Each structure stands twice: as structure tokens, then as C-alpha cells.
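Let's take a walk through this one, going from a single side chain out to helices and strands. Keep the viewer open and follow along.

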Amino acid sequence: MTLRLPWSNPEQKPTCTSRMNRRHFLRLSVSAVTLATAATRLPSAGAPPRGPIRAGFLGGSHSHAAAKWRLVRASSRFELVGMAEASEEVRARYAAEGVRFLSPPELVAASEVVFVESDVADHARDALLALNAGKHVHVEKPPADNLADLEQMVKLAREKNLVMQVGYMWRHHPGFAVIFEAVRKGWLGEVFLVHGSISSQVPRERRAEWGRFRGGGLFELGSHLIDAAIRLLGEPLQVRATLRTHGKADDNLRDNNVAVFEFPPALAVIGNNTLQPNAGAHRFFEVLGADGTATLRPIEPPTLELDLGRPAGPYQAGHQKVPLPPYERYVADMDALAAAISRERALAVTLEEELRVQRWLLRACEMG
């Protein structure tokens with residue numbers, strides 16, 4: 001079986017620019033082998049290998065849905081049973097994919113894991129439908145537009161011993177992985193500031209979709225970096241947000257936003273707008289510590305640089321570019337989901353962490 005891990009393409013090997021970088025790349029490669037081994041590990045001795053996991057898509061309208069559909073379809077770990085989607089416009093997008101369309105109850109009944117890829121406003125409703133039926137769930141981000149719904153989702157997952165994975169797309173990103181390691185091992189010293197920006201240029205016809213939520217673009221898109229900041233630094237003390245409408249469209253979409261989270265030892269400043277052309281190239285995540293700085297800019301394709309006041313871990317003092325394995329969105333997420341459902345290893349993010357991220361995302365967006 002061939003796993004499509006984010007760094008599994010042999011034609012995309014990064015170039016190491018120093019002896020230290022070569023050692024670090026080898027360490028990353030060993031980590032990749034470890035992850036691949038964990039992802040393919042079978043259940044305990046004597047148990048028969050299980051077949052592919054039956055997967056259904058409850059909705060297909062989310063911006064991540066099409067790419068995940070294709071990854072799941074191509075994976076030997078999943079067997080696609082179909083999609084439930086009411087919108088004729090959305091169904092037409094999948095016409096060439098040979099999709100089998102089912103009603104929501106039919107889809108849930110036929111699936112072991114349900115991918116909730118519907119409109120953001122419907123995420124909690126659809127995830128609760130699957131969880132109540134005893135199905136594992138991959139629910140797109142944000143998983144709910146209020147805390148009570150996510151609390152109920154977590155309650156059901158715990159009571160029924162089900163896997164619930166939330167679709168924040170950078171939880172298995174190699175650049176974020178190096179930053180998290182550097183912080184947790186103290187290589188940057190005591191962190192005092194996290195700074196990030198994630199923007200886009202939303203077409204006029206889609207502004208109403210994002211404008212359904214008081215947090216606007218910060219809720220729909222900025223949540224990716226809020227997720228990373230809170231998982232990195234823990235429980236905030238408070239958050240102050242400035243949510244503004246500066247676009248020229250005649251609507252109320254909060255399209256230019258900044259949230260400042262206060263943690264006991266640090267601040268996290270997360271910016272978002274929906275007005276910036278070529279926005280992907282300007283997305284970044286930066287961590288400043290007493291002994292050095294880690295900067296991921298752009299996030300995709302990933303470029304990670306460290307600037308250290310003294311040697312730490314495998315890194316030398318001074319400025320350096322960190323070689324990263326090749327990366328493709330969602331691939332490692334799907335492998336992690338399959339491994340969790342097969343009871344090979346738990347998800348890296350706990351349900352308690354999901355609640356913490358959601359609680360502070362909603363507070364930053366003035367939604368809870």
C-alpha cells in the first residue's frame with residue numbers, strides 16, 4: 001500500500017544548504033518514516049486486517065470539499081459510498097466525478113465516517129446527525145457557529161467512543177510542525193509574541209455567504225491561524241477584536257479584522273481581510289521568543305526561516321532557511337483520520353482542545 005504523505009514525492013526533495021540543515025532534513029525524514037509506519041500499522045496480533053473505511057460526504061459546497069473528495073476516492077484506506085447534497089448547482093460540480101447521490105439518512109446509514117462538507121451554517125446540524133447515528137465525523141471548520149452545538153458534538157463523540165476530526169487545514173503542515181517543536185522544546189526561548197495574517201479576495205457574489213456571521217472573514221478564514229495560536233500557547237486570558245467593513249460593496253461583511261489575544265506570557269495578533277489581491281503569497285505565521293524568531297512566510301508553498309540568538313536543537317545561531325518536506329493540503333489529515341478510526345493512534349488534537357479553540361474563536365468574532 002502506498003501512502004500519499006505530504007513529503008512522499010521523491011521528485012520534490014528539498015535542497016539542504018548546510019551540514020546542520022542536512023542533519024535536520026534527515027531528522028525530518030526519520031519522522032516521516034515514523035508517521036508512515038504508524039499510519040500503516042495493523043491492529044493487534046491475531047486481529048484480521050480491516051478493509052477500507054466506508055466514507056460518505058454530507059454536503060459538497062465547502063471550499064475544501066472537492067479536494068478532499070478526490071483524496072478520499074484515491075485512498076486505499078477509504079471506500080466512497082456517495083454524497084448527500086440538496087443544491088443542484090453544487091451537484092453539477094461533481095457530475096464528472098461519477099458521484100452517487102443519496103439522501104442524508106441513506107448516506108449516514110451506509111457510512112462508517114461522515115465528511116461534513118456542507119455550508120458553514122450547516123456544519124453542526126450535519127455533524128450532529130452523523131454522531132447521533134453512531135458515525136465517526138470529519139467536520140469542516142469552523143465546526144459550529146455557537147459553543148453549545150460543539151459541546152453537544154463533543155459529548156456525543158465521547159459517549160459513543162467516536163472519532164471527531166475538525167478540518168483546520170494546517171494541523172499537519174510541516175512548517176507549523178517545526179514551529180510547534182521549536183516552541184515546546186524551548187529553542188526560541190520564552191515566547192512573547194505570535195503574529196499571523198491570513199487573507200483572501202472574496203468575489204462580490206460570495207460576500208453574502210461570509211457575511212452571515214458577525215465575525216465575517218475572521219470567523220470563516222482567520223480561524224485557521226486562531227486555531228494554531230491557541231493550540232500553541234494554551235488558554236488565553238482575554239481577547240480584543242476590531243471587526244470592520246471597509247470594502248465598497250453595499251453589505252455588512254466584516255472584511256478587515258484584527259484579533260489580539262492575551263496569554264499569561266505573550267500576545268497573539270491575528271489579522272484577516274477579504275480585500276487583498278494575490279493574498280495567498282502574503283499569508284504568514286511568526287513566533288517571537290527571547291532567544292529567536294520563527295517565520296513561516298508564505299504558508300503555502302511553505303517557506304520557514306529561523307533567526308536564533310544562539311544554537312538550539314539542530315539549529316545554528318543566526319538566520320537560516322529550514323528545509324521542509326514537500327507538502328500537499330489534507331493528505332496527512334486523511335491518513336490521521338483513518339488511523340484514528342482504525343484505533344492505530346489517536347488524533348493529535350484532543351476534544352478538549354477543540355472546545356478551547358472554538359470558545360476563543362467565537363469570543364474573538366463577537367459570537368459567543
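**Starting from one arginine**

Arg-214 is partly exposed, with a relative accessible area of 44%; that puts this residue in the band between the 20% limit for buried and the 50% limit for exposed. Bear in mind that we're looking at a predicted model. To find Arg-214, go to the loop between helix H8 (207-210) and helix H9 (216-220).

So what does Arg-214 touch, once residues up to four places away in sequence are set aside? The list is Leu-243, Arg-254, Cys-365, Glu-366 and Met-367. Zoom in on Glu-366: its side chain makes a polar contact with the side chain of Arg-214, at 2.9 Å. While you're there, check Leu-362 too, which lies 148 residues from Arg-214 along the chain, yet the C-alpha atoms of the two are separated by 9.5 Å.

When two helices pack, the angle between their axes and the distance between the axes describe the arrangement. For H6 (residues 147-159) and H12 (residues 351-364), those numbers are about 175° and 10 Å. An angle over 145 degrees counts as roughly antiparallel, so H6 and H12 are roughly antiparallel to each other.

Now for the strands. Strand S6 (residues 191-197) pairs with two others, S10 and S9. With S10 (residues 284-289), S6 runs antiparallel and is joined by six bridges; look for His-195 opposite Glu-286 there. With S9 (residues 267-273), the pairing is parallel and spans five bridges, and Leu-193 stands opposite Leu-267. As you step along, remember that side chains in a regular strand alternate between the two faces of the sheet.

One more stop: is helix H10 (residues 223-233) largely enclosed or left open? Largely enclosed by the rest of the structure, because 10 of its 11 residues are buried. The buried residues run from Ser-223, His-224, Leu-225, Ile-226 and Asp-227 on to Ala-228, Ala-229, Ile-230, Arg-231 and Leu-232, so Asp-227 and Arg-231 each fall under the 20% limit. Just after H10 comes Gly-234, which takes a positive phi of about 95°.

Note on methods: Residues are numbered from 1 along each chain as its sequence is written. This is a predicted model: local features need pLDDT of at least 70, side-chain atom pairs count only at pLDDT 80 or more; totals for chains, interfaces and linings use all residues. Side-chain values use heavy atoms; hydrogens and water are left out. Buried means under 20% relative accessible area, exposed over 50%, partly exposed in between (1.4 Å probe, protein chains only). Helices (H or I, at least four residues) and strands (E, at least two) are DSSP runs, numbered from the N terminus. Two strands pair if DSSP finds at least two bridges between them. Contact means heavy atoms within 4.5 Å. A polar contact is a pair of N or O atoms within 3.5 Å; within protein, one must be able to donate a hydrogen and the other to accept it, and residues adjacent in sequence count only if both atoms are side-chain atoms. Axes are lines fitted to C-alpha atoms, for helices over the stretch in contact, and angles run from 0 to 180 degrees between N-to-C directions. Angles under 35 degrees count as roughly parallel, over 145 as roughly antiparallel, 65 to 115 as roughly perpendicular and the rest as oblique.
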